[in-house]
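The sequence and structure are shown first.

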Amino acid sequence: MMNGQLKMNAKKSSASVECLGMTFSDDHERRRHFLAILADMLKDPAFREQEGFPEGSDEAILALSNPPYYTACPNPWLSEFIKTVGKQFSEDDDDYSISSFSLDVVEGKNDPLYAVPSYHTKVPPKAIEKYIEHYTKPGEIVLDAFCGTGMTGVAALNCGRSSAGRSASSGSARNVILIDLSPAAAFVASFMAAPLAEILDEGESGSLGEFISGEVLPLYEVQGKNGQIFDYAVFSEWGECDDCGHQFLLYDHIIDHSVPAIKSEYDCPSCGTLIKSRAAKRAFSTEYDPWIKSQTRSAKTSMVLLSRRVGQQAVRLVPSEADVSFYNEIGERSVHLIPQPLNYSHMTHERNNLPEYWGITHIHHFFSKRNYVALDKIAAISEDEMRRSALFCALTILENNGTRRNRFYVDKRRPNGSPIGPLSNTLYVPSLQTETNIGRKVNQTLKSIEKVRHLWPRNNAFVSTQSATSFPLVPDNSIDFIFTDPPFGGNINYSEQNILYEWWLQVFTNNKCEAITNNVQQKGIAEYAKLMELAFKEYYRVLKPGRYIVVEFHNSANSVWNAIQFALEKSGFIVSNVALLDKIQTTLHQDHKAAAVNKDLAITAYKPKPGVEAELLSVGTETQGIWSFVSEHLKCVPVTKAVGGELAFVSERDPRVLFDRAVAWFVRHGVLVPLSHQEFLAEVNSRFSIRDGMVFLPGQIDEYDRRRARDAQAPQIELFVSDERSAIDWIADFLRRRPSTYQEIHPEFTSQLGAGWKKHEERPELAELLEENFLRFDGSNDVPSQIHSYLSSNFKDLRGLEKDAQRLKVKAKDRWYVPDPSKARDLEQKRERSLLKEFESYKSAPGRRLKEFRLEVLRAGFKTAWAGKDYKTIIGIAQKIPDEALQEDEKLLLWYDQALTRMEADA
């Protein structure tokens, strides 16, 4: 063993292999040995009761598994793996002291390994590698329990590898555990995060390539053309005119070759009625289906085009009667996997209503008859290792190419039309469908693998198929770093879309613990948040104290963003940085949808060390504790942050953010912070070093000053006004820079109240916000220092004047400014009394709902009620406001969640 890295790279079957301390004559013997153990375990009902245990027979699970590295069920060898390669955590010898990775990561999707498997969402491994190399040492253990196709595993196993595949240093790889609820995802990950399988290593000329050439490619012959093979065929639906009932082939009428484009409206070829594409009626046909032995009603389609490549040219052919006849004959052949009806789901019935609008009722209706037969041949391969490798190749091309979802598109970039793949994250079946040559695509995958074989990992990840909400075989405090890309609310319905993958594996997702929002599964944002909380609690349990988790996030919904952060913090993690993770390329959907998010965020959080946590809660007073918390937290926050080469504001060093972090942490530990917001801000200045609005420890300030000296301008804080609290913060920042009159502030303030304003939050009047939170100079007495400093610096004729100078007073009159800390505390107390008075009116308000309210009133009321142990009031008021308002505000959610917890504890 070298640097803690277990030597278990797969070798050719003729060479002896070592695995978990045992030696086998070859890799086949290793697999047979562990398969026998797994087969015995599958007979135990208790083994199948683990959370997320997939749906599938013992035979199907064993056929996919490659134990101990990968099992198509919960992996029973995880603890043994960790025991073999890991280092047990000990407070005595833990010298880990790394702060959060501060750089935004920009990494394109052109990584050759990233491009091999298609899946709903992936993170380029080179991007993940940057985090892994920052937070870990060679041989340490990385975990991803939402692993998808295993890009975290690829990154961990390839740390230190150059683009040529050579190691930068000996033993630089990390060990890695990959977990996913989806059998399809875990199966693909087991190939990506492992040494290249022997059959795949053989390439197109090997045994798999021979099978494809002999059994699959003949299905795609152009009839009467001496064995010529086409690349793809195009099928078109038929339309039906609502007015005259005429049926017509859409391919002949919906393409405008003069533009070129797909028409948004067109005339009925019979009666001339204008038909809008979005509301067009499909023609249906009824025919006998020999695979399910019944009559079926489905959208009528016809083959309209065959395309084959000759050299660099695409040659288009009109299908002959023989081509159509051959296609129909294929649809009458017997198949190994008899198609099953589709279960009722959000994607198939609620969102798209596939049975009604397309006649899609069974799994094979998502495939052309020819492609179903081709994939069925692959799934029926009798030789175990070849079947697994063939299924891997099939699954890598299935999302983009293998189904009827693959669109044939015509636009200015594609004047003659070409396949562009499916509409992402839907089960939409287009009017013009591409039937891709499965055989050709599998062979292309083999060629692609051959080109990147030198980059393929040389060691094995340990892969498990189970829920991220519970993986008990991973011991407490055993993981060195976590990188994870969890589901984001209802963005992608993984289990429903993965039915197209998992059908061929015959092992299916157990979606009970699937962390999504989904009507059919009866999961709203609250259920999603709870499942994410359970997952993060597991992450927290297994991560070593003082270590980090990075959560990749991609969603435009505030409620989902808030649910992720809230679940992180409730599980015990403390957020230390939020940075950009830019994959550069966008999808067609992102390019055309203004609201689509095309930049991902990486949320970094850490698990406090146990000694520090105990110390914070026993320092004598809560006031002392909050300053100890801030000191410890600042050690984990980046000192500097660069965006585009320029110094950026580190939001976690903002005093307001520090106060919110501290309050949330102490409240979750049952302690109410005695300092008010203004008292905290006042004392921060005396206890810590402040630069450019950010808080630093004494040992950090020199590093920041050195970096700051290279920039002409100070980093600017970005404030987005979305509610009363952020409006007050924006005004405070504005007045610190420029004490101003109401007339000067008003147009600037109004421009901030845009579309981002929270739906149920009352819009405050500027005059009221100024009166409650700031001071106005009335022209008497001396000019306050805040205004004096601004005027003397920005007006030449006022420089050098004393504070009692009349000219200065005239210019300063009616300007609003940020009060000194002592006066700010008085204003805050006055304002809080006003807020609590209004909160009393909320309590007594008639009716069951509050349609509009002030979040600041609710926050102040909930905080006071919690301090007085009046949990019933918090719960009662929370039930009066819309659920999305509660879920989108982290402060309200904190008090409400704590009230529920305390009520349950007292019951």
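In helix 13, the buried residues are Arg370, Asn371, Tyr372, Val373, Ala374, Leu375, Asp376, Ile378 and Ala379; buried means under 20% relative accessible area with a 1.4 Å probe, protein chains only. Because 9 of the 11 residues of helix 13 (residues 369-379) are buried, this helix is largely enclosed by the rest of the structure. Helices are DSSP runs of H or I with at least four residues, numbered from the N terminus.

The model is predicted, with local features requiring pLDDT of at least 70, side-chain atom pairs pLDDT 80 or more, and totals for chains, interfaces and linings using all residues. Residues are numbered from 1 along each chain as its sequence is written, and side-chain values use heavy atoms, without hydrogens and water.

Glu538 lies in helix 18 (residues 525-542).

| Item | Value |
|---|---|
| Glu538, relative accessibility | 11%, buried |
| Glu538 side chain to Arg541 side chain, polar contact | 2.8 Å |

A polar contact is a pair of N or O atoms within 3.5 Å; within protein, one must be able to donate a hydrogen and the other to accept it, and residues adjacent in sequence count only if both atoms are side-chain atoms. Not counting residues up to four places away in sequence, Glu538 touches Ala468, Thr469, Ser470, Phe471 and Pro472 (heavy atoms within 4.5 Å).

Elsewhere, Ala727, Trp730, Ile731, Phe734 and Leu735 of helix 26 meet Glu744, Ile745, Glu748, Phe749 and Gln752 of helix 27.

How values were computed. Helices (H or I, at least four residues) and strands (E, at least two) are DSSP runs, numbered from the N terminus. Buried means under 20% relative accessible area, exposed over 50%, partly exposed in between (1.4 Å probe, protein chains only).
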